[in-house]
Amino acid sequence: MELYQLTAHQLFDKIKSKEITPEQVYSSLSKRIKEAEPKVKAYPRLDGGSSPEEGKGAGIPVSIKDNICTKGNNTECCSRILKGFKPPYDATVITRLKESGMGVFKYKTNMDEFAFGSSTENSCFGPTRNPWNTECVPGGSSGGSAAAVSADEAILALGSDTGGSIRQPASFCGVVGLKPTYGRVSRYGLIAFASSLDQIGPITKDVRDCALLMNIISGYDANDSTSVDTPVPDYTKSLGPDIKGLRIGIPREYFIEGLDKEVEGIIRGAINKLKALGAVEKEVSLPHTEYAVPVYYIIATAEASSNLARFDGVQYGFRAEKKARNIIEMYKSTRGEGFGPEAKRRNLLGTFVLSHGYYDAYYLRALKVRTLIKSDFEKVFSEFDCIVTPTSPTPAFRIGERMEDPLKMYLSDIYTISVNLAGLPAISIPCGFSKSGLPIGLQIMAKPFAEETLFKVAYVYEQATDWHKIKPKI
Amino acid sequence: MEYETVIGLEVHLQLNTRTKAFCGCSTEFGNEPNTQVCPVCLGFPGSLPVYNKQALDYAIKVALALNCRVQEFTKFDRKHYYYPDLPKNYQISQYDLPLARKGFLDIYLEGNNKRIGITRVHMEEDAGKLIHRQETSLVDLNRAGVPLLEIVSEPDINSPQEAYEYLTSLKSILEYLDVSDCDMEKGSLRCDANISIREKGVVTLGTKTELKNMNSFKAVKDALAFEVERQRKELAAGNKISQETRLWDPKEQKTITMRTKEEAKDYRYFPEPDLPPFIIKDERVNEILRGIPELPKTKTLRFMKEYGLSEYDAKILVATKNNADYSEERLRQGKNKKSVANWLIGPLSGIASSNNIEISEIKISTGDFLELIELVESKQLISNLRGKEVLAEMFATGKPPALIIQEKNLAQISDEGVLEKEIEEVIEENAKSVEDFKAGKANALMFLVGQVMKKSKGKANPKVVQEMLKGRLSHA
């Protein structure tokens, strides 16, 4: 067994008992990255002759998505427009990692440009590949982080989740991914996609590692007015012991046309397993589910068009070389050349829905429906401890398959989006494999700040199954 | 055709908080460009705004002083436009739920009170500054993120003079609250104006133009006066007024088109997701309300009532809070309120303005000041004119008035025995004037008094001299 194959908590134990040093972990990981990276392409800036050894930090390394600011270190959201951008400050989560003695890996993980996508194909560096089948996408937008953890190219990773960007790639790559409650983890230093939906969260090899990483990154931050000042429990204390009597809701609106039969079978199997472990399951209804995708693509693109306005070539990042006669021309050529097609599409959509005369019909309406979606969940959570669904309607799809059909791509997030709109926490854990050998993820949702419930259910399920122990052959 | 002018004013006010609206950077004015900046006010990716509580308190204070209703629920919005001095390419502002609404401000005009409605008061952040060179334009972001208040009036203002009065009264209130430097030259107070004209008696508003780039209250008045005339001429010539934004050109003393309605921007306002809406509790509002000092208008009325001052005098004394406090201390203790007011407004203000300071900065104690007035007015120890010289000396040396009079031998001579000699001499030397007086020319007497004053080197009490001369000449 190589060190890179171990989980963080296994490595901590070995370091504590002086069996190994963090340096050994690091060199083992470097070796693995060199070996697997050419096939996976999780770390785009490791390409041009850079070596993983250069990316070393103190302690067990954590791999960071390219949209989380690390001081003096390229943070480009995998977009041409942020080429060469080195933030002058660390995101709060990075400060917390460093303060708790963790290492921060210098080379950031691949992602869809500005987190716009569900496949990591929208990266200006090209796609990351799914370690289970390199013809397939790793999911997105945190595809680099998920693929790195899955391929043992990372011990732990951070992603960000605006509509499923942690959970869906975790599901596609067979790893654990948690989207925390909105306000649980500081967004300071996360380059915003949609401010009212974004959360940073862990992507890990198992549930215990996920709880450990959450212990470090969670908590109120005075620099983020949307972070919530609620005490952070020790999440590792909620790992088990059992789920006897736990009330699970199964939303009928999630088991509909479009859900892959094979995936449905595996999810039903997982639900039965939870029942066997003592949980009580009942069908519930989330009646406004069908509006989640349109509502999301209005709110998220509106906020994105605003958040992306600052990328104009004036202060930082990319500026078009074409000689401009005035500032407007400079803006146009910089943004024209700097943004990829999906970023442009979302900019246009968002600008449109906020425009004079359309605002009420789209944005305002979407906000109202968002409230309805939220209250659907409140009703269910007044009677149930958690809701269990598939993370994604299908296993990982093939690279290129959905690039020409944005609508089909958007539907990849159909099961994950509502959670962001309602600000809830949700976790995706491995729960089986398709016949073609691709991992399938089980999504568990809970009410705000009930991450402990998620850890309990996920851990008990994980302990009773072996899915997390199966590794891709790469 | 008789026209009526309709004006609404938008005032942008920089709040003098120590730090910026959404970060901890200093708001100090006039430092090296881009030395008071951080990732937040530079709009760097990933940075987030955190609202400055002090700025909110100041904003509430202004809203209350302008008799507005502070809204319980308020939020920030993003206002989008691309400009290099705006690092995020949106400004954090307030759109449909401003901090406060429906207030008013009373102005005095030729002895009449007029109430100008305040539509809204809202919070926002300032942009940076562009410095244009020949080949390049430079951006200074020291000012970016400084907290601003926008105070919007109703179109209740009907003349450029009223606009001027509104601004003066507003500035005076703001200075009382000590929330802003209110310095138009430094840009801590800026004013845009909306103006239209309509036929007298017509209810609907005419097409308005928006005026910008006025950097003094006088410029606002001049620009409005120009625009009234321009619009009047356009209408008289049968033309329509086009809705547009016009710039005031202070050199040419005229307004010029900046952009037309077709070029009007769509700001795509939407709620700022980085700053949750906030609830302003009554307790907070009440606490701020308790901290609001007596404002100029109330003070003016009280000064008029308590000290028997004219409205004119009272308004001068209360124009700034420091001066009002300084004046009131002296008025309260003085015997003759009217003469204390005259000395404050006259000689003391004279000293202040020639030294370029406020009267409140003049370090003459209340006791000394009142003693001087006493010496001049009731004891008549020195003349009014000498009194002013003594005051100047008091300002320069800090000595009490009696000492200065003694040292400089300035006391007035009222002793008839002492003055006898000078009077006899003057009568002898000015036979012609004596004749004139006797012939009934009253002016001649004043001339003779003047001559005695001259002989006494100004120390003779003119009233005594006059009486003596009258007596002497009518008996001769």
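1. The open sheet of chain B holds 9 strands in the order β2-β6-β7-β10-β1-β11-β12-β13-β14, with mixed pairing; two strands are said to pair if DSSP finds at least two bridges between them, and strands (E, at least two residues) and helices (H or I, at least four) are DSSP runs numbered from the N terminus. At the edges stand β2 (69–70) and β14 (254–260) of chain B, each with a single partner strand, so one side of each is left without a neighbour in the sheet.

2. The model is predicted: local features need pLDDT of at least 70 and side-chain atom pairs count only at pLDDT 80 or more, whereas totals for chains, interfaces and linings use all residues. Residues are numbered from 1 along each chain as its sequence is written, and chains are lettered from A and ligands numbered from 1 in the order in which they are written.

3. Within the sheet of chain B, strand β1 (residues 3–14) and strand β11 (residues 189–199) pair in the antiparallel sense over 11 bridges, and Ile7(B) stands opposite Ile195(B) in β11(B). Helix α2 (residues 160–177) of chain B packs on this sheet, where it touches β1, β6 (100–109), β7 (112–125), β10 (147–153) and β11 of chain B, contact being defined as C-beta atoms, placed from the backbone, within 7 Å. The direction of α2(B) makes about 115° with that of β6(B); axes are lines fitted to C-alpha atoms, for helices over the stretch in contact, and angles run from 0 to 180 degrees between N-to-C directions. Helix α3 (residues 217–236) of chain B also packs on the sheet, touching β1, β11, β12 (209–214), β13 (244–249) and β14 of chain B, and its direction makes about 25° with that of β11(B).

4. Elsewhere in chain B, Ser349(B) has its place in helix α8 (residues 337–354) and is partly exposed, with 17 other C-beta atoms within 10 Å; by the definition used, 20 or more such atoms make a residue buried, 12 or fewer exposed, and counts in between partly exposed, with C-beta atoms placed from the backbone. Leaving aside neighbours within four places in sequence, Ser349(B) is in contact with Leu344(B) and Ile359(B).

5. The contact between the chains takes 32 residues from chain A and 24 residues from chain B. On the side of chain B that touches chain A, the residues divide into 15 nonpolar, 4 polar and 5 charged, where Ala, Val, Leu, Ile, Met, Phe, Trp, Tyr, Cys and Pro count as nonpolar, Asp, Glu, Lys and Arg as charged, and the others, Gly among them, as polar.

6. Chain A comprises 14 helices and 10 strands, and 61% of its 474 residues count as buried. Its C-alpha trace spans about 70 × 55 × 45 Å along the principal axes. Among contacts in chain A between residues at least 6 apart in sequence, 75% join residues at least 24 apart.

7. In strand β5 (residues 199–204) of chain A, 6 of the 6 residues are buried, so the strand is largely enclosed by the rest of the structure. Strand β3 (residues 156–161) of chain A pairs with β5(A) in the antiparallel sense over 6 bridges, while strand β4 (residues 176–179) of chain A pairs with β5(A), likewise antiparallel, over 2 bridges. Ile203(A) in β5(A) is the bridge partner of Ala157(A), and Gly177(A) stands opposite Ile203(A).

Technical notes
Two residues are in contact if their C-beta atoms, placed from the backbone, lie within 7 Å.
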